[in-house]
Amino acid sequence: MSASVNRKECLGNCRAAGEGARTLSLADMRGRVVRYLRLSITDRCNLRCLYCSSNARHSFIPHENVLRYEEMLRMVGAMQRLGVQKVRLTGGEPFARRGCGDFLVMLRRRFPALDLRITTNGTLLSQNLDALREARVSAVNLSLDSFDRQTFAHVTGKDMLPDVLGALDALLAAGIRVKINAVGLRTINDGQMADFVYAARSLPVDVRFIEFMPMGGDTLWSDTYFWPAADMLAAARDCTALVPLAPEPGNAGPARMYALPGGRGRLGFITPMSNHFCNECNRLRITSDGHLRTCLFADREYRLRAIFRHPRLDDAALDRVVQAACRRKPLGVDILKARRGAAVATSSMWGIGG
Ligand code: SAM
């Protein structure tokens, strides 16, 4: 979609909001249109990945503040009404919340046309495979930062690589599309590119490296660990030939994807630090306590839970707040450039929903 078309859609949206009419899309002042929601269903996780979790003690969201599944269904309904077409459940670890599988199935029943996805560490997946199938999720993003058992335990704090590899096998056997996400970490998994290339060559999966982002007030991010995507790409090219792929029309995510000649899968790189994709950003995040975030790097939150639980506020009030928030959606790259210390946002990914 061209920027000029988006701008028109944006103006129409603003006008319609001014008239109190129902709108069809969430557009911002830069012409970007939100179609994608990342919904965190819990901030709890059974792993402690060193790029996500800090050494500091976590104070988790009190249970009474966490949205109930029924409230999340209402939230997704509101977002769909406003033009969202794709919803990803995340966390924390989504399967660490009791009933996550049933919730996926409820989402599918209530929203048959929704593109439904989930991001998981895979450790609790085996008991949820039937639900993933029944909910017809389009893809599962599986976090897997190393195929080496010791490195995996070092990164995640748990010796659970066999569980995750079991989950990967089970997903593929069930015919569910898998994307493996690995955070590239200098000095930790930067010597293991050959393992990832082997996975992308031998399995029908997308293997995507993500640059380590300085998220969280007490982040462990540092130059020591930061592995820029250009260097990751060079490491991959030392292992294999790579053929750049054009973005899929209408489904261009943030990853730059490459084919491996003769390979079954693809390799990709997500570059939030070295080559931002803010101009194409089409996503919102909602935390498990019902706070809306319009940019991963911005701390500003809009408290939708308060609207949801207010006896005199209805869906129209919710729509107005979400629309106003979207119009002001920032450019993350500006926040990144302006950061003084190491962190861009004070919340870590486990709290926001990665
Ligand atoms: N527990 C689930 C999982 O492990 O996939 C979902 C939540 S977790 C926060 C989702 C993903 O966020 C991680 O796998 C990782 O790819 C990403 N992530 C977390 N912290 C990050 C950071 N500081 N930099 C880059 N990616 C990060």
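A nitrogen atom of the ligand sits 2.8 Å from a polar backbone atom of Gly92. The model is predicted: local features need pLDDT of at least 70, side-chain atom pairs count only at pLDDT 80 or more, and totals for chains, interfaces and linings use all residues. Residues are numbered from 1 along each chain as its sequence is written, and side-chain values use heavy atoms, with hydrogens and water left out.

A polar side-chain atom of Ser143 is 2.5 Å from an oxygen atom of the ligand. A polar backbone atom of Thr120 lies 3.3 Å from an oxygen atom of the ligand. Taken alone, the ligand exposes 540 Å², and the protein buries 95% of that (Shrake-Rupley method, 1.4 Å probe).

Now the shell. The ligand is surrounded by 17 residues, each with a heavy atom within 4 Å of it. Among the closest are Tyr51, Met213 and Met349. Seven shell residues are nonpolar, eight polar and two charged; Gly counts as polar. Strands β4 (86–91), β5 (115–120) and β8 (206–211) each supply at least two shell residues (strands are DSSP runs of E, at least two residues, numbered from the N terminus).

Thr120 lies in strand β5. Is Thr120 buried or exposed? At 2% relative accessibility, Thr120 counts as buried (under 20% relative accessible area, 1.4 Å probe, protein chains only). Its side chain makes a 2.8 Å polar contact with the side chain of Glu93 (N or O atoms within 3.5 Å, one able to donate a hydrogen and the other to accept it). A polar side-chain atom of Thr120 also lies 2.9 Å from the backbone nitrogen of Gly122. Beyond neighbours within four places in sequence, Thr120 contacts residues including Phe95, Leu125, Val140 and Ser143 (heavy atoms within 4.5 Å).

Technical notes. Helices (H or I, at least four residues) and strands (E, at least two) are DSSP runs, numbered from the N terminus. Buried means under 20% relative accessible area, exposed over 50%, partly exposed in between (1.4 Å probe, protein chains only).
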